[in-house]
Amino acid sequence: MTINTTLPDLNRFPSETPANTAIAPNADRIQLPLVKDPERLAARLKEIPPEPGVYLMRDKSDRIMYIGKSRKLRSRVRSYFRQAQKLSDRIAMMVRQVTEIEFIVTDTESEALALEANLIKQHQPYFNVLLKDDKKYPYVCVTWSEDYPRIFITRNRRIGKEKDKFYGPYTDSGLLRNILRLSKRIFALKQRPQPLFKDRPCLNYDMGRCPGVCQKLITPEEYRKTVQKVAMVFQGRSQELIEILTEQMHKSAEEMNFESAARIRDQIAGLRSLNANQKVSLPDDTVSRDAIALAANEQHACIQLFQIRAGQLVGRLGFVADAHAEPGAILQRVLEEHYQTADDVEIPTEILVQHELPQAEMLAEVLSDRKGRKVTIVAPQRATKAELIEMVERNAEYELQRTQKLSDRNTQAMEDLAAIVDLPDLPRRIEGYDISHIQGSNAVASQVVFIDGLPAKQYYRHYKIKNPTVTAGHSDDFASLAEVIRRRFRKYAEDPQLPRVGNPDWPDLVMIDGGKGQLSSVVAQLQEMNLLDELRVVSLAKQREEIFLPGESQPIETEAEQPGVQLLRRLRDEAHRFAVTFHRQQRSDKLKRSRLDEIPGLGYHRQKQLLAHFRSIDYIRQASLEQLAQAPGIGPHLAQEIYNYFHPA
């Protein structure tokens, strides 16, 4: 079975289920939980095959509560319903609500592991261990999708293309930046995001610090070889890289190529200095190993993963999760997600864990198959390895203290905001909306989302305003906001049965950037959709930071420095930034395309390809006829039209 990136739509009614997913009869009516319907439970369990795959637990509202995997589906699912089976309080509560079980059979355990991870990311089930997208941890991105890959630090793992590779998240951003800076000094890499000159390389090329990527003085194949060496540093394979370079240095010396040998010698010295002072005292420094431990309180679990290669600590990664699951289950989830995106050569031969994993044997077999060597997962109890786990746990404790301080501040802000706008509970999900345009041209809107007081950028959305009356020279922010709110909540107006309470997509509070006029237009739209009674909405005016409620002529009396007001201001500022950024992008694209629109035969799609290839109108103007013809989607005839346009006779 091949796991596709496009996942099956599992938020469907049972009648729409594909043939390989079994559903019990009469599933279109509200059913009792399976534990209260022994006959249906027994029949359902018999239908589940003893093969590897993924199972999904649904409640009476047809929502997915839990997604799991197993090498033997039948045995694993049965274990939840055995009276003698000791379940945690949280899982026992889940089992009491299960009304339906679905399954997807895979060919191998490895496919089950990958499919489970993808489905969890897509559906975010409440009872699964969900790793938080903690923005304080940076990643290193290598853009393998480009001919000349870039290497940069980012806190957003969701950007980029499928071939791009992310390493991390790293807990020490200062050390990470130092490693990247030294890597650019050790190896000749592209130093600038944009060329300094149009027709010649900059001083970095003359100094030997850049191979002249901007003028294509190095082929993509050769440059990628250099980037692969740098990637080995972030894969924890510095010692392996040193051995490869040492062999190349000796070979260059034997061939009397002393200049090349000296350059490689300097690279080796730089790599050794990079790994200096990172020694970890272990009796066997030839074994590559990872050590993972966590520290948890009632709310959060902070996980630390130490990567040790040849006795050296080469990476310290951090993860954050809700602390509602057993420690072993949390560690298992972290390891599965981490190794799913890692290259096979990055998998160590030994993994030290703080707690026993619930499915350690299955994970070890999958990793062994990928690596081509036996991978062991051990929970050490004594000696040096246990001391290493204690060191990892101490670091996790420090991260937990930092996380808890931030959480306490956010909780205080949400409590204050709930009191200000009279909410029954803390506003876990808050959405903010803003409009951006220049006198009506290129009008766009933004939707930003804060969850537990922190930006959740994976849920941000852009909107292009479709209202035909909003044109250059004529703006209408009121109508634009009403349009965006209508598009955002249309599915709830069309289907009143869609759940609100407990639905992670349903906001506890909506904030509109503006005053009474903007709020009134949104309120009128929600009334028309019969959603005003279910949705709490406020507006925040820019001048005096005043908060308005629907139907109130005067703003709420607040202080500008109140934690709740500051939270709304952060949300408003983020919505404004996101809207303005998108508007500038739209305006820039339109200005670029406006000149290209005049070229016969050059449609919108080919304009995008041309701009993606040459980056700017100036470079297209300077390109030769041969260079234009080599661009994607541009043949000789169209290249001649473009060249003639910029070089009229």
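Colleague: What covers the buried residues of H1?

Modeller: The cover over the buried residues of H1 includes helix H2 (73–79) and strand S3 (100–105). Buried means under 20% relative accessible area, exposed over 50% and partly exposed in between, with a 1.4 Å probe and protein chains only. This is a predicted model, in which local features need pLDDT of at least 70, side-chain atom pairs count only at pLDDT 80 or more, and totals for chains, interfaces and linings use all residues. Residues are numbered from 1 along each chain as its sequence is written, and side-chain values use heavy atoms, without hydrogens and water.

Colleague: Which residues of H1 are buried?

Modeller: Helix H1 spans residues 38–47, and Arg40, Leu41, Arg44 and Leu45 are buried in it. These residues lie on the same side of H1 because they cover an arc of only 130° around the axis.

Colleague: And which are exposed on the other side of H1?

Modeller: Pro38, Glu39 and Lys46 are exposed there.

Colleague: Changing topic, where is Glu116 found?

Modeller: Glu116 is part of helix H4, residues 109–123.

Colleague: Why does Glu116 count as buried?

Modeller: Glu116 counts as buried because its relative accessibility is 6%.

Colleague: With which residues is Glu116 in contact, leaving aside its neighbours within four places in sequence?

Modeller: Glu116 is then in contact (heavy atoms within 4.5 Å) with Val54, Ile67, Gly68, Lys69 and Glu336.

Colleague: Now the second largest pocket: what volume does it have?

Modeller: The volume of the second largest pocket is about 1800 Å³.

Colleague: How many residues line the second largest pocket, and which lie nearest its centre?

Modeller: The lining has 44 residues, and Lys190, Lys216, Ala612, His613 and Arg615 lie nearest the centre of the second largest pocket. Lining residues have an atom within 4 Å of a point of the pocket, which is an open set on a 1 Å grid, where a 1.4 Å probe fits, with protein on both sides within 12 Å along at least five of seven lines.

Colleague: Which helix supplies the largest share of that lining?

Modeller: H16 supplies the largest share of the lining of the second largest pocket, four residues. Strand S5 (151–154) and helices H6 (203–206), H7 (220–234), H16 (604–614) and H17 (617–622) each supply at least two residues of this lining.

Colleague: How do the lining residues of the second largest pocket divide into nonpolar, polar and charged?

Modeller: The lining of the second largest pocket has 23 nonpolar, ten polar and eleven charged residues.

Colleague: Finally, how many helices and strands are in the protein?

Modeller: The protein has 19 helices and 18 strands, taken as DSSP runs (H or I, at least four residues; E, at least two). Of its 649 residues, 48% count as buried.

Terms used
Grid points are joined across faces, edges and corners, and a volume is the space filled by probe spheres set on the points. Ala, Val, Leu, Ile, Met, Phe, Trp, Tyr, Cys and Pro count as nonpolar, Asp, Glu, Lys and Arg as charged, and the others, Gly among them, as polar. The arc is that of the directions from the helix axis to the C-beta atoms.
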